[in-house]
Amino acid sequence: MSEKVTAMIEEIKALTVLELSELVHALEEEFGVSAAAMAAPAAGAAAPAAEEKTEFDVVLTGFDAAAKIKVIKAVREITGQGLAEAKATVEGAPSTLKEGISKDDAEALKKQVEEAGGKVELK
């Protein structure tokens, strides 16, 4: 890399977030381009994180020992598992109960399990 490019990178690293934002907007105006269009292919995995999440996983992270049977019943309802499988799922927490569901459905399932005595996390 040339000295000129290295010096520019060092200058950019010293900018605050606000200054960096102003720089991006100035470059977009000066050259008639959009940084968003160029950043998407380069960012790869970072692009979905910026978007609002639409699919959630419901993960059982634990349960109240006194409510274990209620939690097993709730897990059976949610997953459609048999008694032995649901018991294994509850005892093996953290366990994913549902994957890739809407936020509303995930919230409803979380409420259902928490009311039974389970601890749930949405991912």
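This is a predicted model: local features need pLDDT of at least 70, side-chain atom pairs count only at pLDDT 80 or more; totals for chains, interfaces and linings use all residues.

Trainee: How many salt bridges does the count come to?

Mentor: A pair qualifies when a side-chain nitrogen of Lys or Arg lies within 4 Å of a carboxyl oxygen of Asp or Glu. By this rule, the count comes to four.

Trainee: Is Lys 13 buried or exposed?

Mentor: The cut-off for the exposed class is over 50% relative accessible area. Lys 13 has 60% relative accessibility, so it counts as exposed. Glu 10, at 44%, counts as partly exposed. The class of Lys 13 is therefore exposed.

Trainee: In which helix do Glu 91 and Lys 87 both lie?

Mentor: Glu 91 and Lys 87 form a salt bridge, with 3.3 Å between the closest N and O atoms. They are four residues apart, about one turn of the helix. Glu 91 is partly exposed at 40% relative accessibility, and Lys 87 is partly exposed at 39%. The helix holding both is α6, residues 83-91.

Trainee: Which residue is linked with Lys 87 and Glu 91 in a network of salt bridges?

Mentor: The salt bridge between Glu 91 and Lys 87 belongs to a network that has one further member, a lysine.

Trainee: What is the N to O distance in the salt bridge of Glu 121 and Lys 123?

Mentor: Glu 121 is partly exposed, with a relative accessible area of 37%, and Lys 123 is partly exposed at 45%. Their side chains meet in a salt bridge, for which the limit is 4 Å. The N to O distance is 3.6 Å.

Trainee: Turning to the nonpolar patch, which helix gives the most to it?

Mentor: The patch lies on the surface and consists of Ile 12, Leu 15, Leu 20, Leu 23, Leu 27, Phe 31 and Val 33, with about 560 Å² of accessible area together. Four residues come from a helix spanning residues 17-31. This is helix α2.

Trainee: What is the relative accessible area of Leu 23?

Mentor: Leu 23 has its place in helix α2 and is a member of the nonpolar patch. Patch residues need over 30% relative accessible area, and Leu 23 is partly exposed, with a value of 31%.

Note on methods:
Residues are numbered from 1 along each chain as its sequence is written. Side-chain values use heavy atoms; hydrogens and water are left out. Buried means under 20% relative accessible area, exposed over 50%, partly exposed in between (1.4 Å probe, protein chains only). Helices (H or I, at least four residues) and strands (E, at least two) are DSSP runs, numbered from the N terminus. Patches are made of residues with over 30% relative accessible area and no salt bridge: like charges are joined within 9 Å, nonpolar side chains (Val, Leu, Ile, Met, Phe, Trp, Tyr) within 5 Å. Accessible areas come from the Shrake-Rupley method with a 1.4 Å probe; for residues, only the protein chains shown count as cover.
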